[in-house]
Amino acid sequence: MSGLTTLTRRADFLAANGAMRKPMPGFVLLVRKRDDGDLAIRLGITVTKKIGNAVVRNRMKRRFRALGRELLPEHGIAGADHVLIGRAGGVERDYQALRDELGAALRKLAR
RNA sequence: CCAGAGGGUCGGGCGGCCGCGCCCUCGCGCAAGCGGGGGCGAGGAAAGUCCGGGCUCCACGGAAAGCACGGUGCCGGGUAACGCCCGGCGGGGGCGACCCCAGGGACAGUGCCACAGAAAACAGACCGCCCUGUCUCGACAGGGUAAGGGCGAAACGGUGCGGUAAGAGCGCACCGCGGCCUCGGUAACGAGGGCGGCACGGCAAACCCCACCGGGAGCAAGACCGAAUAGGGAUCGCAUAGGGGGCUGCUUCCGCCUCGCGAUCCGGGUUGGUUGCUGGAGGCCGGGAGCGAUCCCGGCCCUAGAGGAAUGGUCGCCCAUCCGCGCCCCGGAUUCGUCCGGCGCGCGGUGGACAGAACCCGGCUUACAGACCCUCUGGCAUU
RNA sequence: GCGGGUAUAGCUCAAUGGUAGAGCACUAGCCUUCCAAGCUUGUGACGAGGGUUCGAUUCCCUCUACCCGCU
């Protein structure tokens with residue numbers, strides 16, 4: 001993933017859970033500034049079994065990755081971890097609406 | 001044309017823009033890397049994990065024994081194997097095409113058959129029927145009988161005729177049942193003949209018996225490389241060698257290996273890379289054997305290999321589908337105004353089912369919008 | 001991914017193939033000035049679908065949901 005690295009470790013997700021949080025209709029966005037001097041933007045995705053079966057979960061993760069590739073390099077916060085948590089209804093939601101919501105959430109948390 | 005049965009195939013297509021994984025390759029560069037080009041990239045069930053295998057490790061001392069445990073169960077064939085498939089047989093259902101069946105053994109033994117009923121498996125007799133006797137003349141006693149009633153899921157062969165005091169396989173015919181013989185078939189089994197006068201209720205998806213099969217674990221198996229740790233401490237209980245533990249279902253003795261054992265608590269380290277990893281009981285086409293499952297021969301092809309997990313995101317057009325409106329035609333009803341059903345055309349809208357590989361195969365089961373093809377059955381109409 | 005297990009009343013658990021039971025909870029009544037406790041009633045369940053059987057919560061098969069173990 002160009003310019004983006006993926007979050008895999010459980011500890012990173014737990015740390016992000018204690019940082020800034022912005023719920024939106026299709027997802028919940030968590031942002032944690034690492035403050036370790038590294039300016040890389042990292043992305044993590046969480047979609048639980050409550051959301052649906054494997055097809056639904058994989059589809060949601062793909063759309064979140066597409067969102068991240070499109071918006072984070074420009075509007076993301078440098079040196080921070082971004083975690084997207086899927087919510088019920090996020091799969092049926094219009095992609096354009098998801099993109100607007102992610103942009104709005106990033107602007108709010110950047111301040 | 002209507003209704004139905006069996007089998008098979010597919011399971012959206014094309015194109016923009018932006019992207020992902022693996023492999024090959026080109027250019028620049030000492031290298032790390034950067035940029036470009038090309039190829040391939042989910043399913044019929046990838047699912048459930050219900051069976052069978054390949055593969056890997058462990059075990060493979062007397063003992064691949066014995067005992068358990070689990071599974072399968074008409075016959076023949078297919079297969080690497082199977083609980084799968086094919087072809088038969090028997091039973092049941094359907095007018096039929098066709099569908100369904102865990103379908104060995106109940107004189108090896110044990111057990112169960114509630115309620116009802118007189119009686120539930122070995123004989124017996126509640127209401128009855130018949131004969132004899134007694135008397136207070138419609139009851140009692142003795143005997144015979146099991147046809148009828150009643151109960152039940154099931155009642156000791158069934159129906160009819162004869163027979164009898166009433167009855168009874170008591171006798172006869174047919175059916176059922178059990179031996180025997182002959183014939184057909186590899187067999188399950190079937191057909192025919194003759195005998196027996198009925199003896200043998202049901203449940204083994206109850207225990208069980210018989211036959212056959214099964215060593216255990218599973219790619220988080222296993223192999224290699226690298227890093228780190230150096231087999232720690234405390235408390236309590238038991239034991240201190242004629243003892244304890246282990247040797248992969250269990251048992252007994254012998255044998256072998258090993259040594260203090262067990263519980264609780266504290267502290268520390270590792271959670272990396274490569275491989276296994278996709279060429280296989282493989283796919284497609286053609287020919288042959290066979291009723292078929294399947295097998296044989298020849299040619300061509302290589303067709304996902306990810307690793308918190310790629311194969312996508314978002315638009316446009318088209319084709320199925322469904323809905324609404326309008327037009328034409330056909331059939332039916334009509335209170336002649338119209339209404340209902342169907343085919344076709346046009347416009348507008350809707351817009352893809354079940355579902356995502358995780359070592360790999362063969363099956364089974366379950367989920368699934370819709371489309372297409374082949375064969376067959378019954379009915380109606382016409383020639 | 002692989003391997004096991006469970007499902008019975010609102011909750012925790014029982015029950016040889018023959019009417020599904022106990023405790024807590026809930027409802028109503030009695031008792032009490034009232035509440036609690038106590039006593040007497042009542043409501044309420046075999047996860048779903050097939051099969052074997054005269055008859056299934058139980059036996060067999062297939063689904064569904066949940067739980068546990070293995071890196």
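Reader: What hand does the crossing of H2 and H3 have?

Author: The crossing of H2 and H3 is right-handed. Keep in mind that this is a predicted model.

Reader: Which residues make the contact?

Author: From H2, the contact uses Arg 63, Ala 66, Leu 67, Glu 70, Leu 71, Leu 72 and His 75. H3 contributes Tyr 95, Leu 98, Arg 99, Leu 102, Gly 103 and Leu 106.

Reader: And how do the residues of that contact divide into nonpolar, polar and charged?

Author: Eight are nonpolar, two are polar and three are charged.

Reader: At roughly what angle do the axes of H2 and H3 cross?

Author: Helix H2 covers residues 54-75 and helix H3 covers residues 95-110; their axes cross at roughly 40° and come within 11 Å. H2 is therefore oblique to H3, since the roughly parallel class is kept for angles under 35 degrees.

Reader: Staying with H3 for a moment. Is Glu 101 buried or exposed?

Author: Glu 101, which is found in helix H3, counts as buried because its relative accessibility is 9%, and the cut-off for buried is under 20%.

Reader: What is Glu 101 in contact with, leaving aside its neighbours within four places in sequence?

Author: Met 24, Pro 25, Gly 26, Phe 27 and Arg 93 are in contact with Glu 101 on that basis.

Reader: Which way does E3 run relative to E5, parallel or antiparallel?

Author: Antiparallel: strand E3, residues 27-33, is joined to E5 by seven bridges. As one example, Val 28 has Ile 85 in E5 as its bridge partner.

Reader: And E4, in which sense does it pair with E5?

Author: E4, residues 41-46, pairs with E5 in the parallel sense, over five bridges. There, Ile 45 stands opposite Leu 84 in E5.

Reader: Zooming out, what pattern does chain A follow along the sequence?

Author: The pattern is β-α-β-β-β-α-β-α, with three helices and five strands in the chain.

Reader: How much of chain A do buried residues make up?

Author: Buried residues are 40% of the 111 residues in chain A.

Reader: Last one: among contacts between residues at least 6 apart, what share joins residues at least 24 apart?

Author: In chain A, 78% of those contacts do.

Notes:
Residues numbered from 1 in each chain as written. Chains lettered and ligands numbered in written order. Predicted model: local features only at pLDDT ≥ 70, side-chain atom pairs only at ≥ 80, totals over all residues. Heavy atoms only, no water. Pairing = 2+ DSSP bridges. Helix = DSSP H or I, 4+ residues; strand = E, 2+ residues; numbered from the N terminus. Axes fitted to C-alpha atoms, helices over the stretch in contact; angles between N-to-C directions. Parallel < 35°, antiparallel > 145°, perpendicular 65-115°, else oblique. Left-handed = near helix turned anticlockwise from the far one by under 90°. Contact = heavy atoms within 4.5 Å. Nonpolar A, V, L, I, M, F, W, Y, C, P; charged D, E, K, R; others polar. Buried < 20%, exposed > 50% of the residue type's maximum accessible area, 1.4 Å probe, protein only.
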